[in-house]
Amino acid sequence: MRKKLCVLLLGLCSVLISACGNKEVSGNPGDIPPSYGEEGTVDKKEASESENTSKAEFNIEDINWEVDEGIVDGKRCVLLSYTNNSSYMIAGFEITFQERSGLTEEEKETFYTDIQEMFEASDEEIEELKEYPISMHAETERITDAGESVTSVNCYYYTGYYYLKDINHYRLVEPDIATVRYVDKDKIHTVYYDYNSGKYSVESETEAAYQWTQTDLGNKIPKPDAKVLGSSLDTEELFMFDAYGMSLEQFNAYVEECKSMGYTVEANGYEGFYSADDAEGYNIYMYYEEDDFALSGTVEAPYDRHGEDSKEEESVEDAAPEDTDSDTNSDADKKTVDGIRPEFKEAMDSYEAFYDEYCDFMKKYQENPTDRTLIDGYMDMLDRNVEMTEKFEAWDESEMNDEELKYYLDVSNRVSKKMIDVLG
């Protein structure tokens, strides 16, 4: 299948997305699939008859949602909006849409014709796409207090990252599953609502709504003043966190706090992004998620970021066995001295090397966008970009050891900085 269609289905690359930002637009409840009531509320009789409704603390009726199209940055997008009528703070809302029952073959063929034109797909590729039921989704991690509303959340085709821009395509689907993450007694609970059965399912596990570091490293930066705070990695070498419910002004104020603590060495930043070292070599990397009103950040302990290759070569040479005629090696010999598998490091280095090439190409392309040779190479670069991203994301973080995860995240951060410099 063409790479663009793979992205459409699987959501493996975000670099190729065209921008439709989150801005307020009004919606008309008449554009909601007719069997689900005005503004996306499920029929009350159906909900009351569900045997599991009484078991769920959260009631899906308390989220009054609608989908409509709006013009954003001069482009038409299909957008989800909702109001939190519950007594809880909502920490995340997602809704998936499945192919509507009773679609005619004519309606389906019109959809596939549109998709073929949009993604320049061949007849063979469209036939492959038809093996999947038509589906869409919308999701946000924007914090929503009781009584507040969220507007203009982008809807996407299938499970991918391509914005839905045609309201007629949305009319081909109906709600499937809603996922709500809500805060109660400092815990985040997750509840699912199945629109097909009218039943709820509740995750047995919860997570703390406000988590912060348990190591000295995390104390090298100020603690954000956020409504929900989560830590995804907390070691003595690397601390990663997300702070939700923050405005851009609060992000900027937080960056200033970091600067006051000495993070001004080799600083690099612009609106919504900041990275710098302090005098001891500690590094911070902060960026603002505009869609979710969230700050994502990392702080990293000092180490020789520029001397890894020479250090590894020296270590491998020192550790080389004297018996060069040996036909077998132990598992330990197959790893570098710092604990990183050679094949893993090769994959990470290849990924970063490609983006060095990619950024150099983009600089030339931006300087001379009418150069025919660059235009011809542009599409090839985009295809290779998708391929490299797929390979990079195929590595499972749960299977990496601490050193590999640290290297993986460091490469990812460096690539992000390079892309920001070129495309920002």
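In this predicted model, a salt bridge joins the side chains of lysine 220 and glutamate 280, with a nitrogen-to-oxygen distance of 3.7 Å. Because lysine 220 lies in the loop between strand 9 and strand 10, while glutamate 280 belongs to the loop between strand 13 (273-277) and strand 14 (283-289), this pair ties together parts of the chain that are 60 residues apart in sequence. The two partners fall into separate accessibility classes, lysine 220 being partly exposed at 27% relative accessibility and glutamate 280 being exposed at 53%.

A further salt bridge is formed by arginine 341 and glutamate 404, whose closest N and O atoms are 2.7 Å apart. This pair, too, links distant parts of the chain, since arginine 341 is placed in the loop between helix 7 (308-319) and helix 8 (342-367), whereas glutamate 404 is part of helix 10, 63 residues away. Arginine 341 is partly exposed, with a relative accessibility of 23%, but glutamate 404 has a relative accessibility of 1%, which is under the 20% limit, and therefore counts as buried. Elsewhere, salt bridges that share partners join Glu109, Glu127 and Lys130 into one network.

The side chains of arginine 76 and glutamate 69 also meet in a salt bridge, at 3.8 Å from N to O. In this case arginine 76 is partly exposed, with a relative accessible area of 45%, and glutamate 69 is likewise partly exposed, at 28%. Altogether, the count of salt bridges in the model comes to 11.

The loop between strand 9 (207-208) and strand 10 (228-234) also holds threonine 215. With a relative accessible area of 12%, threonine 215 falls under the 20% limit and so is classed as buried. The side chain of threonine 215 is joined to that of aspartate 234 by a polar contact of 3.1 Å. When residues up to four places away in sequence are set aside, threonine 215 touches Asp234, Thr235 and Glu236.

Arginine 100 is found in the loop between strand 3 (89-99) and helix 3 (105-119). Its relative accessibility of 22% lies between the limits of 20% and 50%, and arginine 100 therefore counts as partly exposed. Apart from residues up to four places away in sequence, arginine 100 touches Glu107, Arg171, Leu172, Val173 and Glu174. With one of these residues, arginine 171, the approach involves the backbone, as the side chain of arginine 100 reaches the backbone oxygen of arginine 171 at 3.0 Å. The C-alpha atoms of arginine 100 and proline 175 are separated by 8.6 Å, although the two residues are 75 residues apart along the chain.

Notes. Residues are numbered from 1 along each chain as its sequence is written. This is a predicted model: local features need pLDDT of at least 70, side-chain atom pairs count only at pLDDT 80 or more; totals for chains, interfaces and linings use all residues. Side-chain values use heavy atoms; hydrogens and water are left out. Helices (H or I, at least four residues) and strands (E, at least two) are DSSP runs, numbered from the N terminus. Buried means under 20% relative accessible area, exposed over 50%, partly exposed in between (1.4 Å probe, protein chains only). Contact means heavy atoms within 4.5 Å. A polar contact is a pair of N or O atoms within 3.5 Å; within protein, one must be able to donate a hydrogen and the other to accept it, and residues adjacent in sequence count only if both atoms are side-chain atoms. A salt bridge is a side-chain nitrogen of Lys or Arg within 4 Å of a carboxyl oxygen of Asp or Glu.
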